Amino acid sequence: MDPGKEAALTERGPWEVARARTVAMLLGENLRDGMSVLDVDCGDGYLSRSLCAALPGIRVTAVVADLTERTVTRLVPARGVIYVPDLPAAGRRFELTLLVDVLERVEEDRRFLKRLVWQHVAAGGHVLITVPAFPSLFSGRDWFLGRYRRYRLKELREVAAASGLAVLSSGYLFGSLLIPKFLMDRCTKWQGAQDQGPFRLGGLVSRGVAGILHLENAMMIVLARAGLVLPGVSAWVLCRSRVPSN
């Protein structure tokens with residue numbers, strides 16, 4: 001299924017659609033036909049399916065952290081995607097590992113990432129990590145979503161390096177959402193913070209907003225790789241494993 005059509009069918013928010021496109025852009029030539037991909041804590045698998053739609057030859061193992069009857073109904077079957085409830089057995093390695101908005105919900109993030117790299121990332125394999133940015137933006141909604149922290153880019157790079165990864169490039173995303181997030185979170189009280197769910201717009205407007213956010217992210221990625229890092233609500237690092245396979 002085309003990711004754009006799936007987005008329309010399931011009323012994907014523009015942020016989620018833009019994020020999937022941006023992940024594909026970040027990976028670039030590192031996303032190759034026939035490669036093995038591990039998508040850690042994949043949610044309902046939208047990102048995994050989007051990547052397979054863009055490059056049907058890849059094989060994605062998508063880890064669904066909360067695999068219940070309710071979540072199973074949200075998992076859309078897709079060629080190349082296998083849904084599993086837990087990480088594979090230690091020693092099964094992947095050429096590409098995705099941790100998209102995962103580390104912030106792990107209490108011992110460094111230990112988790114180091115174990116993941118040593119047990120599941122192939123020698124020379126790539127790892128893409130995205131996390132919420134800037135601790136000063138931590139709010140009741142972060143707490144409600146089970147996040148322990150938000151990261152500075154320097155801190156994220158240090159966590160990656162300490163886990164056996166060589167950082168190839170890094171930066172921020174969604175710069176235009178910084179001020180709106182700050183203002184919205186200041187209006188959210190810590191007590192009784194609730195998840196408002198994904199932001200819904202009309203189909204045409206949603207596609208337009210998603211396109212604008214993706215173009216913004218594309219510009220921020222190009223500038224970051226040229227040495228000019230602009231701030232945004234999400235931080236990312238693209239890494240290569242320095243750990244030899246056993």
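Is arginine 149 buried or exposed? I find arginine 149 buried, with a relative accessible area of 15%, where buried means under 20% relative accessible area, exposed over 50% and partly exposed in between, using a 1.4 Å probe and protein chains only. I keep in mind that this is a predicted model, in which local features need pLDDT of at least 70 and side-chain atom pairs count only at pLDDT 80 or more, while totals for chains, interfaces and linings use all residues. Residues are numbered from 1 along each chain as its sequence is written, and side-chain values use heavy atoms, with hydrogens and water left out.

Entry on arginine 149. I located arginine 149 in the loop between helix 6 (140-144) and helix 7 (153-162); helices (H or I, at least four residues) and strands (E, at least two) are DSSP runs, numbered from the N terminus. A polar atom of the arginine 149 side chain lies 2.9 Å from the backbone oxygen of valine 106, and the side chain also makes a polar contact of 3.1 Å with that of tyrosine 151. For a polar contact I take a pair of N or O atoms within 3.5 Å; within protein, one must be able to donate a hydrogen and the other to accept it, and residues adjacent in sequence count only if both atoms are side-chain atoms. Beyond its neighbours within four places in sequence, arginine 149 is in contact (heavy atoms within 4.5 Å) with Leu103, Glu104, Val106, Glu107, Asp109 and Phe138.

Entry on alanine 133. I looked next at the loop between strand 5 (121-132) and helix 6, which holds alanine 133, a residue that counts as buried at 0% relative accessibility. Not counting residues up to four places away in sequence, alanine 133 touches Arg150, Tyr151, Tyr172, Gly232, Val233, Ser234 and Ala235.

I traced an open sheet of seven strands with mixed pairing, in the order 3-2-1-4-5-7-6; its edge strands, strand 3 (81-84) and strand 6 (165-173), each pair on one side only. Two strands pair if DSSP finds at least two bridges between them, and strand 6 and strand 7 (residues 234-241) pair in the antiparallel sense over eight bridges. Serine 170 has valine 237, in strand 7, as its bridge partner.

Entry on helix 3. I finished with helix 3 (residues 46-54), where seven of the nine residues are buried, namely Tyr46, Leu47, Ser48, Arg49, Ser50, Leu51 and Cys52.
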